[in-house]
Amino acid sequence: MAGGSLFQALCSPHLRRWRLLRRPWHTSPYPVSRRALASCPYRAVIFDMGGVLLPSPLRVAAEWELRLGVPPGTIRQAFISGGGDRPWMRYMRGELRPAEFLQEFGQQCSGIANSSVPVESFFSEYTSSQNAVPLPVMMEAIKCIRAEGLKTAVLSNNFYLPSGESFLPLDKKQFDVIIESCREGVCKPDPRIYKVCLERLGVQARESIFLDDLGQNLKAAAQLGMKTVKVEDTNTAIEELETHLGFPLRSSVPYTSSVRPAMEIPKEPLQDYLESILGTHAKGSLVLRQFSHGQSNPTYYVKFGDHHFVLRKKPPGKLLPSAHAVEREFRVLKALAQAGVPVPKVLALCEDPSIIGTPFYLMEHCAGRIFKDPSLPGLEARQRMEIYTAMNRVLCKIHSVDIQVAGLEDYGKHGNYIQRQVQTWSKQYRATETHSIPAMERLIEWLPSHMPASERLSVVHGDFRLDNLIFHPEKPEVAAVLDWELSTLGNPLSDLAYNCVAYYLPSHFSILKGLRDHDVHQLGIPSAEAYVQLYCDQMDIPPIENWNFYVAFSFFRIAAILQGVYKRSLTGQASSATAESTGKQVELIADLAWDFATKEGFRVFKELPTSTPPARPFSTWADPRQLPKRHYSGVASTPSSQLIVSLDGLPSRVQQLHHKLKRFLDAHIYPAEQLLRNYQVSPERWTPHPLLEELKEKAKAEGLWNLFLPLESDPEMRYGAGLSNMEYAHLCALMGTSLYAPEVFNCSAPDTGNMEVLIRYGTEAQKAHWLKPLLDGKIRSCFAMTEPQVASSDATNIEASIVEEQDAYVRIRCFKWESALDPRCKLCVFMGKTDPTAPRHKQQSMLLVPMDTPGITVIRPLTVFGVDDAPAGHGEITFENVRIPKENLLLGPGRGFEIAQGRLGPGRIHHCMRLVGFAERALALMKERVSSRVAFGKPLAEQGTIRAGVAESRIEIEQARLLVLKAAHLMDTVGNKGAALEIAMIKVVAPNMALRVIDRAIQAFGAAGLSNDQPLALFFAWARALRLADGPDEVHREAITKMELKR
């Protein structure tokens, strides 16, 4: 079909969807065309607005004057007369409010006309929607410019409207930079505003072209070295601009750009081939462009005379077996067209690689509508429902094709489709693996053991989704289904699940827009459940019980495909210029797959028949010394996908670690606690007790070291024990029974969080300098974020200033509260602002600050309930002109908030785990106390209030423990974001639970419970402190409420 007036829809490769679909308005949605940049001396084109992109205000004024009988030229004379302080220029510089300007401008115009001039009427007309319409020829030129990889900008003498917004009736997404005089306080032809524009574009004057309709503005630009084009006639200006740029700016083909150098194909042999198949109808020149969104099979637009084609070929280089089979695409398109499935008409298949280097085929260029956004903006609710219904209907049509009649019986293997697909994508993932991804490892193990019991057989598209469909220009009908590279014979439910992935992705997802945060009911779009039920009804099949399995498989396959794209981008084989960025999303997609695998696991679990639960040899014991003896094997196991609430369910390796920890606590730590407590109130307390260092060496020798590092952060177990969060939760709770245990095992804050920061975000040099001594326990560290003068629970409130110099970052006038008094503290992870003008969450940065840097001063130690926590206490610290090398910056400028959130990964729940240990120890001590003390003639253990307190404590501990374990389990299976609700809940539940349990124990001890003879007073103090140190309860409750209301 020939191209129509609507935008052209066309066939494109199976990874076309992975182009970046959502970008901020100031960045280009087009990939860079290296050919354009190599042959064109210019990097940016800058446009004036009025008179270039919009109709000239002078033309509008002339028509308005004629209509209202105002003397001709009145408005023009007012625009140009009166010098730099005339009302018009002051208005353009933002010095006058709209009402003030209209008053002064009206007086000026009335003086020129010798009669009253209603200037309000003129500006209302000029800014009306009828006149404020961008010129189509200019907007088309801008799209062509951006498609070739050049930047675009608006440089306008502009003004504010009464609404407070500037007059800017343009699509901001089409420009990299927008400079308005009213915002900058300076107007053209002042050279300063041109320099601002060039600086923000990041180009030199000689690398830019400037279009304006006023000679004085062009003269100023030319004096700076910019190429200029005067716009008197729009078409003439476009022709001149085409001459300068060297490529056409009209009759553009959507989504295409110049062919990238690595993807060039020889034109002469292709033209000869076209002439051979078209015969006498072949006349005219050959135009070849590349579709910018292709990432698998390179796809080209071909115009030869009056003919418009789409050409798809294999990519160059060594390819994976059976991948990129364009021959199969051609065959299935031809067969399905005869079966009545709407597909593009194929014209010819060329399997001779000597023509253009690889096999290829040609098909007709189709016209119609393609919807890239699944929320279908711009349509009415009724129309959205019709589009989704039509999509569902055509999927059913594909799955209803009689494969024998269509001649496709041998198009793929029969049976075990999902099993073969899992094997295929697992192998391809392994073949392109660049680093270990924990969720992919789990999925590769989980999927084969959860295969569907039976499968239907049909043609499957393999990539069926909304933006692979061309819809009729006006009707809600599918005109053509595109992109058949992955088609075969298989299980049709895999197509359906793949078709539904958008329901589970957020709308802001950088690779593919989704529907997860949309109200689909309000939009008129059927829910995922309704869409699946519609398919089942049309296909006359029962509801799909194991739906979560199919969705998990779909996301697994997407992750494997993305990994292949990323790997090919490293070798130059991927056909999209944006391919490399997609590789960064593999882990996120894999986590989504594991989320649905977990849901499927819960579904299967719930459907298991009820039976007598196995006998449990112990509960979650209160006294760590009461744990039963048991034997352990040394066989390691992978992290479990099930919630494990008892030690018996843990892998044997983790059970062994728990046993060794408990034995170490019994033998070395509990007996030393009183000595260490007494030392903390002695004059020597600011020097670490040598016993702690001795215990650290023993712990390290027994392999009880750095247990906190989660498997997801350290998949190769280079630094830690490779435990899941849930496994470590059981060990951390045991460590929490003693205030000194976490440090002995190198698992104490803030070192744990800082080590995670270095592992996740540090450079290799930073890791060598700081991570190794921290992991070895040779030094300690602090985290400098809290500032006494602001509410530091909101990281965006941070006021500490970080100013960049030539070779260093300088901190000036900053006060912090931090745990930096330990003489072993050699590193401070410092958070401050590097750009107060940036968006709120991009203002902060993090630096690695050696504590011996000049300018750091400890003002005073701070106490918690009167306890200074020597030697690792908190203090008030000043940073005055502290100079730090730039290489100490973490991740990059403006990434501080991102790091702060990442730092709260597994570390989010370590305190909660330890609080369970606090409470267990307190309850154990309480039980021992009440069993041995007598009051009013009977043991305390027989007093009703005491017994009720013991019961309440056990209930509350178990409730908190289960919630903590659930949060840890979800962190392992659905990720930290997916576990956000449970994490917030345990931050509230755990410290409050511990405070109540410890308070009951103190009450049972009487005055002794408040003394230094027991750990209870310190337990209580730190439990209370953690209601603030881990974020105020109020912040967590607010987060819980927000999430709950969205559920």
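Reader: Where is Asn114 found?

Author: Asn114 sits in the loop between helix 5 (98-113) and helix 6 (119-126). Helices here are DSSP runs of H or I with at least four residues, strands are E runs of at least two, and both are numbered from the N terminus. A quick note on the source: this is a predicted model, where local features need pLDDT of at least 70, side-chain atom pairs count only at pLDDT 80 or more, and totals for chains, interfaces and linings use all residues. Residues are numbered from 1 along each chain as its sequence is written, and side-chain values use heavy atoms, with hydrogens and water left out.

Reader: Why is Asn114 called exposed?

Author: Exposed means over 50% relative accessible area, buried means under 20%, and partly exposed is in between (1.4 Å probe, protein chains only). Asn114 has 72%, so it counts as exposed.

Reader: And what makes Asn746 buried?

Author: Its relative accessible area is 7%, so Asn746 falls in the buried class. Asn746 is placed in the loop between helix 27 and helix 28.

Reader: What is the phi of Asn746?

Author: Phi of Asn746 is near 55 degrees, a positive value in a residue other than glycine. For Asn114, phi is near 60 degrees, also positive. Most residues other than glycine have a negative phi.

Reader: Which residues does the cis peptide bond with omega of about 10 degrees join?

Author: That one joins Lys188 and Pro189. Pro189 belongs to the loop between helix 8 (181-184) and helix 9 (191-201). The bond from Ala749 to Pro750 is cis too, with omega near 0 degrees. Most peptide bonds are trans.
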